[in-house]
Each structure stands twice: as structure tokens, then as C-alpha cells.
Amino acid sequence: QVQLVESGGGLVQAGGSLRLSCAASGNIFNIDTMAWYRQAPGKQRELVASITTSSSTNYADSVKGRFTISRDNAKKSVYLQMNSLKPEDTAVYYCMVYARALGYMVPSNYWGQGTQVAVSS
């Protein structure tokens, strides 16, 4: 079906930057919305940012002005540039794509394995 591989997580000091990448592969018919979610210890998974096929974006209030989501349709990839990182941004970040796989009539949500982001104070 659809596989997602994330990269770019790590440990950074507060105020620093990281760039997350996620590449989709497999038997893909088309990709609709792409997004990043995160889950901190003891908390529910939350939407960080999303981007549509027309590059319309949506951000959580907590990251507006600091994070930027982008996509490269030719590479079937989505990116998250994270600037001015704060300790409260510490979480596992997951890539999600809403895509239709070949042989399937309807699209589904596909998730990456997650990449850890840790921000020290």
C-alpha cells in the first residue's frame, strides 16, 4: 500500500531549529492532504500542521509563526521546518498522509513510524 519514512528528529536546545522530512512510497494512486502530528508523553496525539494539494496550510495555535509545513508532490514528500523550538515541543512527531493506494476505491490515512524530537531548556 503506502509506506512513510520520516527523518530529521533529534535533540536540540531551546531556540534551535530542526527540519523533519517524510517520504511516501509504495503503490500510490494519489496523495491528498499531508500532515504532521505529535504525541508527548502522557498526552493525546495532536495535529501540528497540515497541507492540502493546493498548498493550503493549517497550524496548531501553539506552533503558528514558528513552524512551516511544505510539500514536494514530485517527491511525494512533506516537510516540517521547526524554528524557535521550546521544551514543550518535545514529542514524537508522526507524518500522516491521506492517500489512495492502487487497487483501492477510497483513500485512507497512512502513518509513519514517528521520529523523536527533544528540546532541552
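Two strands pair if DSSP finds at least two bridges between them. Strands (E, at least two residues) and helices (H or I, at least four) are DSSP runs, numbered from the N terminus. The model described here is predicted: local features need pLDDT of at least 70, side-chain atom pairs count only at pLDDT 80 or more, and totals for chains, interfaces and linings use all residues. Residues are numbered from 1 along each chain as its sequence is written, and side-chain values use heavy atoms, with hydrogens and water left out.

**Overall fold**

The protein chain has 11 strands and zero helices. Its C-alpha trace spans about 50 × 25 × 25 Å along the principal axes. The radius of gyration, taken over C-alpha atoms, is compared with a globule rule of 2.2 Å times the number of residues to the power 0.38. For 121 residues a compact globule would have a value near 14 Å, and the protein chain, at 14 Å, agrees with this. Buried residues (under 20% relative accessible area, with exposed over 50% and partly exposed in between; 1.4 Å probe, protein chains only) make up 40% of the 121 residues. Contact means heavy atoms within 4.5 Å; of the contacts with a separation of 6 or more, 55% join residues 24 or more positions apart.

**Strand pairing**

Strand E5 (residues 46-51) runs antiparallel to strand E4 (residues 28-39), to which five bridges join it. Ala35 has Ser50 of E5 as its bridge partner. E5 also pairs with strand E6 (residues 57-59) in the antiparallel sense, over three bridges, and here Ala49 stands opposite Tyr59 of E6.

| Hairpin | Residues between strands | Turn residue with positive phi |
|---|---|---|
| E4 and E5 | six residues | Gly42, about 75 degrees |
| E5 and E6 | five residues | Ser55, about 65 degrees |

**Disulfide**

The structure holds one disulfide, a term for a pair of cysteine sulfur atoms within 2.5 Å. Cys22 and Cys95 form this link, with their sulfur atoms 2.1 Å apart. Cys22 belongs to strand E3 (residues 18-26) and Cys95 to strand E9 (residues 91-101), so the pair ties together parts that are 73 residues apart in sequence. The link is left-handed, with -75 degrees about the S-S bond, and both Cys22 and Cys95 are buried.

**Charges over rings**

A charge sits over a ring if NZ of Lys or CZ of Arg is within 6 Å of the ring centre and within 35 degrees of the ring normal. Arg45 lies over the face of Tyr94, 3.8 Å from the ring centre. The charged end of Arg100 sits over the ring of Phe29, at 4.4 Å from its centre.
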